[in-house]
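Me: I have a structure open and want to go through its contacts. Can you take me through it piece by piece?

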Amino acid sequence: MDGLLRTPLSDRHEALGARLGDFGGWYMPIEYDGGGVLREHRSVRGGVGLFDVSHLGKLAVTGPGAAALVDSALTNALDRIGPGRAQYTLCCDEWTGGVVDDLLVYLRSADDVLLVPNAANCAEVGRRLAAAVPATVEITDLHQRLGVLAVQGPRCDEVLTGLGLPVGHPYLSFVEAVWHGAAVTVCRSGYTGERGYELIAPAGDLPKLWDALLDAVRDCGGLPCGLGARDTLRTELGYPLHGHELSLEITPVQAGLGWAVGWRKPAFWGRDVLTAERAAGPGRLLRGLVALDRGIPRAGMTVLDGAGGTPVGTVTSGTFSPTLEHGIALALLDAGSTALDTEVVVDVRGRPLRCRVVRPPFVEDRTKAEPGA
Amino acid sequence: MAEIAVPGDLHYTRDHEWVRVEGDLVRMGITDFAQDALGDVVYVNLPAPGSRVSAGTACGEVESTKSVSDVFAPLDGTVVETNPQLGTAPELVNSDAYGQGWMILLRPDAPAAVEGLIDADGYRAMLG
């Protein structure tokens, strides 16, 4: 795994017997010894799990007009939230409307915004923003200077309370805390569909924060969780993963992410082309597929019509749902084949797998559930 | 990572299957190394009893949360029985690869052919 970036916790993951691999150029834990995707997944659904997601990008946009710049570039309307709140948004290509990346924006103030893009796209988002900034606004790449930990699951509040960290603030809001001298941003967010928190802290403070959180998670019967479980968890919610449901070749309109676009804003990258596509109706649309027989649709497999003859789309992500215990998938389907509750066929290595077309999520969204529920 | 188990009394293939001689028949499954590499097994698809299988040719599939792999027949022969438990408890492949996680009971065409498989020392050496 030469040439991969290590998080401040890579040594700890190795010591825990994790299987590690390349994710977006980072050496990341996929699953842990004594865990595995199914156990780790279920620990998050039924209790609590701890993830190192320090591969996520971090870009600080600061100076007079920082928030206004971000608002004029990214799709979502930043005036929908106030300081102390976070928002899911997209960075689109100005000319094609394709998605450069999906990201979370932390609005600290009108002059101070933190962007959290995906690992592989952080530099490109930064490059595009830097090309657009006025002299008053500065973009700082904090990718390796900050780490991110996610505490996810119905018992997440117990874990944070045990460390004296703030809990109970609303979904997609954040609180700045100090923990043993370290500045920790505690946001009610995550990518699992469960109640959860994401903690952003300086890289140098991350090991001691991880150690304390892992002890507390284990005391609650929880597990350290890798990116394998993160993927099955997000797929059950129908959350997109860049490179699968989103890419430069896929627009937010096609991915069903129009809710993350401020259509009434005077400007954002891709506005003209996306507005036209929305008015005309997209040529293809992201849907969920539920396997009706034994089998797992996987990314890249062809979706055929119900008769099993004509190609009508492609699977973008697919897995075995640990919660539902059958195959599920996300797929881009041609406009004429997106009707809900109709049957399609996925070509699984030459064998037909019957699937029902649904609108995700596949499981209940519990991001706003009460603690312990 | 946990230590990989390679029992001394079994025969092995380059495709990470194990074979145990039981009289005229042989029982086979995938090795501890194979199940560890696959991760949590969620589906096992095996040939129907009575099917003919040929050595080194795919005769089934084992699918995990992460990926799918072929199961290769270790010898030429006829399927006598497949593990009925794997339909509802595929995790036995992970928890007991050489025991309750067995896959196929096979009647080999030439029982002596098992001597052409890799022994435990050879398989350990192959894993490095």
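This is a predicted model: local features need pLDDT of at least 70, side-chain atom pairs count only at pLDDT 80 or more; totals for chains, interfaces and linings use all residues.

Me: How many residues does the contact take from domain 1 of chain A and from domain 2 of chain A?

Reply: It takes 18 residues from domain 1 of chain A and 20 residues from domain 2 of chain A.

Me: And which parts of the chain are those domains?

Reply: In the domain assignment of chain A, domain 1 is 5-57 + 144-236 and domain 2 is 59-141. The assignment also gives a domain 3, at 283-360.

Me: What area do domain 1 of chain A and domain 2 of chain A bury between them?

Reply: About 1,400 Å², with 62% of it on carbon and sulfur atoms.

Me: Which three residues supply more than any other three on the domain 1 side?

Reply: A:Gly57, A:Leu172 and A:Phe174, which supply 39% of the area that domain 1 of chain A buries against domain 2 of chain A.

Me: How many salt bridges between the two domains?

Reply: The count is 1 salt bridge between domain 1 of chain A and domain 2 of chain A. A:Glu176 forms a salt bridge with A:Arg108, and the closest N and O atoms are 3.1 Å apart.

Me: Which strands are on the domain 1 side?

Reply: S10 (174-179), S11 (182-187) and S12 (196-202) of chain A each supply at least two residues of the side that touches domain 2 of chain A. By class, that side of domain 1 has 9 nonpolar, 6 polar and 3 charged residues.

Me: Switching topic: how many residues of chain B are in contact with chain A?

Reply: 18 residues of chain B, in contact with 20 residues of chain A. Chain B and chain A bury about 1,600 Å² between them, 43% of it on carbon and sulfur atoms.

Me: What about salt bridges there, how many?

Reply: The count between chain B and chain A is 6 salt bridges. Among the salt bridges is A:Arg351 with B:Glu61, where the closest N and O atoms are 2.9 Å apart. There are also 13 residue pairs in polar contact between chain B and chain A.

Me: Which elements of chain B give two or more residues to that side?

Reply: Helix H1 (32-38), strand S4 (41-45) and strand S6 (58-64) of chain B. S4(B) gives the most, with 4 residues. The side of chain B that touches chain A divides into 7 nonpolar, 6 polar and 5 charged residues.

Conventions
Residues are numbered from 1 along each chain as its sequence is written. Chains are lettered from A and ligands numbered from 1 in the order in which they are written. Side-chain values use heavy atoms; hydrogens and water are left out. Domain bounds come from an automatic or database domain assignment. Contact means heavy atoms within 4.5 Å. Buried area is the accessible area (1.4 Å probe) that two parts lose on being put together, summed over both. A salt bridge is a side-chain nitrogen of Lys or Arg within 4 Å of a carboxyl oxygen of Asp or Glu. Ala, Val, Leu, Ile, Met, Phe, Trp, Tyr, Cys and Pro count as nonpolar, Asp, Glu, Lys and Arg as charged, and the others, Gly among them, as polar. A polar contact is a pair of N or O atoms within 3.5 Å; within protein, one must be able to donate a hydrogen and the other to accept it, and residues adjacent in sequence count only if both atoms are side-chain atoms.
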